[in-house]
Amino acid sequence: MSHESITVSIAGTGSCLPDKTLTNADLAKIVDTSDEWITTRTGIKERRIAEGMSNSDLATGAGRQALENAKLEASDIDQIIVATVTPDTLMPSTAAYVQHKLGATKAIAYDISAACSGFLYAMQLAENAIKAGSAENVLIIGSEKLSSFVDWNDRTTCVLFGDGAGAAVISKGGEGAILATEIGTDGSQTEILKIPGGGSNCPTTASNIGDGLASIKMEGQEVFKHAVNRMKTAANSVIEKANLQPSDIAQVIPHQANLRIIDAISKRLDVDKDIVFVNLDRYGNTSAAAVAIALDEAQRADKFKRGDHIVLVVFGAGLTWAASAIRW
Ligand code: COA
C-alpha cells in the first residue's frame, strides 16, 4: 500500500487537570496584580496547579482516558510521544514513566520539545510513523507542570501559566482523517521566550536559581505579534491544502495563551467567534497541553460530529508553530 493511500485519524482523546485551582484573586495576594488586569489583558480567570502530582501523573491520566475513548488497551499502543517542556526529569523521558504507569510494555516511548506547539509536532510524527508502516496506534500526549518553572515573584509571567495534560490516540485507518498539516520553526527568535537555566549551558546552581534563571522569561508583546501572524498563516494554509473554505469549518481549536490572540486570529481567518474554542479562562496557558485539552473538551461538548472539519492551530517558543485540518 502506498503512503498516500493510508489514512490516519484520531481514534480517541482524553485530558487530566489537577484539582487545585488558583484564581486571579489568589494571585493578587502574591504579586501586584488584579483580576481586572489579568482578565482584560489575557482572558484568564483561573488556572490549575499540580500539587502532589508529577507531570507524568497528569500525562498518564490523560493517556488512560484517551485509550478508553478510543476503546483500546495499553497493549495496543506502539509508540508513546510526550510533548513537554517541563519533564519529570531531564533523563529519562517523561514518556518512559508514562509507559510504565500505563503498562504499555510494547510501546517505544520518547519526549519531544517544541514548547506550546509540541502536541501538533507529535501528531505529525505519529502520522508519519503510521504512514511509514512502523506503528498502527500512537498515543500522543501534551503535558506540562509549568508551576514548577514559574517565577512566582514575576507578575508579567506567573499569571499566565497553568498545569494539565491532554492526549489523543492516533491510529491507522478509522472514519476520520488528518487531511493537511503545516509545521514550522524560526530559531532566530529563541531569546523572546525561554527558560534560560537548567540546561547544560546554564546548569542548575544555587546562584542561577537565585538569579531567577530557572524560570520562564518572555517578551510578551513580541511573542504576541509573532503568534498572531504565524497561527493565521498556518491555519489558512491547511484550510487551503485540505480544499476547504472557512465556512466549511465546524470548530477552530487554537493554542490557549491569550484571548486577544485568539480573537485576532478569528478575525484574520474570517470565521465566526462562536466556532473558536476557548477554555483558557479556566486553565490559563498550559503550553503543549493546551490544544490537547481543548480538543478533548470540545469533542466531549459535541462542538463537532463525525464527518465535520476542524482546524487545530498552535504557536510556541522556538519559535514553533503548526496547524492541522482534520475530518472528524
Ligand atoms: N498585573 C498588573 N500589571 C501588569 C501585569 C500583571 N500581571 N503584568 C504586566 N503588568 C504591567 C506592566 O508592568 C506594564 O506596566 P507599565 O506600562 O507601567 O510598564 C503594563 O502592565 C503593560 O504591560 P505589557 O507587557 O505591555 O502588557 P500587554 O498588553 O502586552 O500584555 C501579555 C502582556 C503577556 C499578557 C501579552 O503581551 C501576551 O499575552 N503576550 C503573548 C504571550 C504568549 O502568547 N505567550 C505564550 C506563547 S506560547
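1. A polar contact is a pair of N or O atoms within 3.5 Å; within protein, one atom must be able to donate a hydrogen and the other to accept it, and residues adjacent in sequence count only if both atoms are side-chain atoms. By this rule a nitrogen atom of the ligand lies 2.9 Å from a polar backbone atom of Arg155.

2. The model is predicted: local features need pLDDT of at least 70, side-chain atom pairs count only at pLDDT 80 or more, and totals for chains, interfaces and linings use all residues. Residues are numbered from 1 along each chain as its sequence is written, and side-chain values use heavy atoms, with hydrogens and water left out.

3. On the ligand: 24 residues are around it (a heavy atom within 4 Å). Thr33, Arg41, Arg155, Gln221 and Asn258 come nearest. An N or O atom in the side chain of Gln221 is 2.5 Å from an oxygen atom of the ligand. For Arg260, a polar side-chain atom is 3.1 Å from a ligand oxygen atom.

4. The protein chain has two parts, domain 1 (3-175) and domain 2 (180-327); such bounds come from an automatic or database domain assignment. Their C-alpha centres are 14 Å apart. The contact (heavy atoms within 4.5 Å) takes 48 residues from domain 1 and 47 residues from domain 2.

5. Between them the two domains bury about 3,700 Å², with 61% of it on carbon and sulfur atoms. Buried area here is the accessible area (1.4 Å probe) that two parts lose on being put together, summed over both. On the side of domain 1, the residues that lose the most area to domain 2 are Cys116, Leu120 and Tyr121, together 18% of what that side buries.

6. The term means a side-chain nitrogen of Lys or Arg within 4 Å of a carboxyl oxygen of Asp or Glu. The count between domain 1 and domain 2 is one salt bridge, while 25 residue pairs are in polar contact across the interface (both at pLDDT 80 or more).

7. Some backbone details deserve a check. The peptide bond from Met91 to Pro92 is cis, with omega near -5 degrees. The bond from Gly318 to Leu319 is also cis, with omega near -10 degrees. Ala115, a residue other than glycine, has a positive phi near 50 degrees.
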